Amino acid sequence: MNMTNSPLEQKLWDKWKNDQDGDAANQLINNYMYLVNYHTERIASHLPNNVVKDEIRSFGILGLYDALKKFDPSRDLKFDTYASFRIKGSIMDGLRKEDWLPRSIREKTKKVEQAIEEYEQSHQREANSSEIAKLTGMSTEEVETTMKDALFSNILSIEEKPKGNSDQLKEGIGYSISDERAILPENHIINEELKEELIQGIKLLNEKEQLVVSLFYNEELTFTEIGQVVGLTTSRISQIHKRSIFKLKKTLEKIQAM
């Protein structure tokens, strides 16, 4: 087991691994619950308000328990890292099985996408969220929220479990790690082009939007943590994030289609 564990933690691990001690498992779950809470907060920030956080957290706890059962201390991998993959994977699997996107949001998505297509054909340029809001009779925030929900819905729908050994760490957009060796040369070139397009798109965001995107995706802070850093409320950070996603939606849709 990792040598950085405290004596008490190491004792719990020994009891769990050697004796399958249930009390030790419960204490280890409590010890690592912060990982479940962290991933719950980050994933919930992508989801509609109708999705209950406690439900997401329960998927995460299942992932944490699965990690406890399958973790191999002899591997050169920290438990926190291994458990994070399992927790995130369990939440994504749980969400995929649930019909979490209400029909009303699906209808709004269709309405917004149709308005965007018509606007861009008519004006030969990308529409902003205010312009689409006027066309659809929705508020600007409602348009941005709808597109954010639709993008995350697409991520879930294209996410696939790995073939073969089910114990392998899962891969893909939702699981963060991809196998670079499996990427064909032509796809690698397209990937690089899309990456550059995304970088250029981010540069066009205003300063506050760039900061929120950087802190959320690069530093992996939650909206609440970002709010504490920049002195804004969590809901305001959520609004800025949704607006940024709307501005980057074209590139994000291309990346999802890869």
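**A walk along the chain**

Guide: Gln20 lies in the loop between H1 and helix H2 (22-31). Helices (H or I, at least four residues) and strands (E, at least two) are DSSP runs, numbered from the N terminus. This is a predicted model, in which local features need pLDDT of at least 70 and side-chain atom pairs count only at pLDDT 80 or more, while totals for chains, interfaces and linings use all residues. Residues are numbered from 1 along each chain as its sequence is written, and side-chain values use heavy atoms, with hydrogens and water left out.

Visitor: What is the phi of Gln20 near?

Guide: Phi of Gln20 is near 55°, which is a positive value in a residue other than glycine. Most residues other than glycine have a negative phi.

Visitor: And which phi does Glu220 have?

Guide: Glu220 is not a glycine either, yet its phi is positive, at about 60°. Glu220 is placed in the loop between helix H10 (207-218) and H11.

Visitor: At 42% relative accessibility, what does Glu220 count as?

Guide: Glu220 counts as partly exposed, because its relative accessibility is 42%. Buried means under 20% relative accessible area, exposed over 50%, and partly exposed in between (1.4 Å probe, protein chains only).

Visitor: Let us step back. How many helices and strands are there in the protein chain?

Guide: The protein chain has 13 helices and zero strands. Of its 258 residues, buried ones make up 40%.

Visitor: Now for a single residue. Is Asp149 buried or exposed?

Guide: Asp149 has 2% relative accessibility, so it counts as buried. Asp149 sits in helix H8, which covers residues 140-158.

Visitor: Which residues does Asp149 touch?

Guide: Leaving aside residues up to four places away in sequence, Asp149 touches His46, Leu47, Pro48, Trp100, Leu101 and Ile105.

Visitor: Changing topic: how many aromatic pairs are there?

Guide: The count comes to nine aromatic pairs. Rings of Phe, Tyr and Trp (its six-membered ring) pair if their centres lie within 6.5 Å; planes under 30 degrees apart count as stacked, over 60 as edge-to-face and the rest as tilted.

Visitor: Why is the pair of Trp16 and Tyr65 tilted?

Guide: The pair is tilted because the planes of the two rings, Trp16 and Tyr65, stand at 45°, with the centres 6.3 Å apart. This pair links distant parts of the chain: Trp16 is in helix H1 (residues 7-19) and Tyr65 in helix H4, 49 residues apart. Trp16 counts as buried because its relative accessibility is 4%, whereas Tyr65 has a relative accessible area of 35% and is partly exposed.

Visitor: What do Phe216 and Tyr217 form?

Guide: Phe216 and Tyr217 form an edge-to-face aromatic pair, with 4.8 Å centre to centre and 85° between the planes. Phe216 has 1% relative accessibility and therefore counts as buried, while Tyr217, with a relative accessible area of 35%, is partly exposed.

Visitor: Which residues form one aromatic cluster?

Guide: One aromatic cluster is formed by Trp13, Tyr32, Phe71, Phe79 and Tyr82.

Visitor: What lies over the face of Phe216?

Guide: Arg42 does, at 4.1 Å from the ring centre. Likewise, Lys249 lies over the face of Phe246, at 4.5 Å from the ring centre. A charge sits over a ring if NZ of Lys or CZ of Arg is within 6 Å of the ring centre and within 35 degrees of the ring normal.

Visitor: Next, where is Gly89 found?

Guide: Gly89 belongs to helix H5, residues 79-97. Gly89 counts as buried because its relative accessibility is 1%. Along the chain Gly89 and Gly63 are 26 residues apart, and 7.2 Å separates their C-alpha atoms.

Visitor: Which residues does Glu197 touch?

Guide: Not counting residues up to four places away in sequence, Glu197 touches Thr251 and Lys254. From C-alpha to C-alpha, Glu197 and Leu252 are 9.8 Å apart in space, and they are 55 residues apart in sequence.

How values were computed:
Contact = heavy atoms within 4.5 Å.
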